[in-house]
Amino acid sequence: MNISTLEKVKASALMRGVSCPERLLECFDARVKKFVKSEEIIGYGDKSSIIIITRGNAIAVNEDWFGNRNIISKLGESEIFGAAFVFSESEVSSRLVATENGEAVILGGNKLHRACAKGCADHTAFIYNALKIVAGSCVGFLEKVEHLSRRSMREKILSFLSTQSIKNGSDSFAVPYSRQELADYLAVDRCALSSELGRMRDEGLIRFRKSQFEILK
């Protein structure tokens, strides 16, 4: 594992309070996986693992039998996927797909439920961090349910943009999704989404350019 990759791992929420990340990575049989755009990093039915994105971006998605895509979340560098599957000891029921070329560090989840054989002092901190990440994922799911529970597309958009404004502490902010990704996240048609955004802009509710938005009212 090169220095750049290790620094991205150290910057992740999993490693807060961990004094020796290198030893912990060894403890969890960490390995580096390189991927290209649109490649599946982990998929349906795979053995659960904890994945740290160390370069590039990826989206967690579900698809139905007819290929309709539902985006659960988007992950950037140093962000985590898979902790909930590891804790529940269940197979992976969503896919992590690369949106650009990059790499990830994959940690085996089988040691998360038992004491470290090497007496690793950082093991408890790691488990605590993993639980916080799982809790954060639950909050993210609740946010999405809140957006999707709105009756009209405009209400869904406003709910999403309001949450992003609160998270960024500003009326002006960048959203993490492209137009197609945002449509898949909100479960709406992309063309309809673009049309509604245009109407909201014309009515003076918002301003936007690509992923940059500003709420005006």
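How many bridges join β1 to strand β8? Five bridges do, and the two strands run antiparallel. That pairing opens a short tour of this model.

## About the model

This is a predicted model, in which local features need pLDDT of at least 70 and side-chain atom pairs count only at pLDDT 80 or more, while totals for chains, interfaces and linings use all residues. Residues are numbered from 1 along each chain as its sequence is written, and side-chain values use heavy atoms, with hydrogens and water left out.

Helices (H or I, at least four residues) and strands (E, at least two) are DSSP runs, numbered from the N terminus. Two strands pair if DSSP finds at least two bridges between them.

## The sheet with β1 and β8

Let us return to the opening strands. They belong to an open sheet of four strands, ordered β1-β8-β3-β6, with antiparallel pairing. At its edges are β1 (31–35) and β6 (80–81), each pairing on one side only. Strand β8 covers residues 102–108, and within β8 the bridge partner of K33 is A104.

Helix α1 (residues 3–10) packs on this sheet and touches β1, β3 (49–55) and β8; contact here means heavy atoms within 4.5 Å. The direction of α1 makes about 120° with that of β3. For such angles, axes are lines fitted to C-alpha atoms, for helices over the stretch in contact, and the values run from 0 to 180 degrees between N-to-C directions.

Strand β4 (residues 58–63) pairs with β5 in the antiparallel sense over six bridges. In β5, L75 is the bridge partner of A58, and N70 is the bridge partner of N62. The hairpin of β4 and β5 has five residues between the strands, and G67 takes a positive phi near 90° there. Strand β4 also pairs with β7 (residues 95–98), in the antiparallel sense and over four bridges; A58 stands opposite A98 in β7.

## Where α4 meets α5

The axes of helix α4 (residues 123–148) and α5 come within 7 Å and cross at roughly 145°. On the α4 side, the contact is made by E143, E146, H147 and L148, and on the α5 side by K156, S159, F160, T163 and K167. These residues divide into two nonpolar, three polar and four charged. In this count, Ala, Val, Leu, Ile, Met, Phe, Trp, Tyr, Cys and Pro are nonpolar, Asp, Glu, Lys and Arg are charged, and the others, Gly among them, are polar.

Is S159 buried or exposed? S159 counts as buried because its relative accessible area is 6%; buried means under 20% relative accessible area, exposed over 50%, and partly exposed in between (1.4 Å probe, protein chains only). S159 lies in helix α5 (residues 153–168) and touches E146, H147 and R150, not counting residues up to four places away in sequence. Elsewhere in α4 is A135, which is partly exposed at a relative accessible area of 41%.

## Aromatic pairs

The structure holds six aromatic pairs. Rings of Phe, Tyr and Trp (its six-membered ring) pair if their centres lie within 6.5 Å; planes under 30 degrees apart count as stacked, over 60 as edge-to-face and the rest as tilted. F81 and F85 form a tilted pair, 6.0 Å centre to centre with 55° between the planes. F81 is buried, with a relative accessible area of 7%, and F85 is buried too, at 15%.

## Cysteines

How many disulfides does a search of the whole structure find? The search finds zero, taking a disulfide as a pair of cysteine sulfur atoms within 2.5 Å. C20 is partly exposed, with a relative accessible area of 26%, whereas C191 counts as exposed at 58% relative accessibility.
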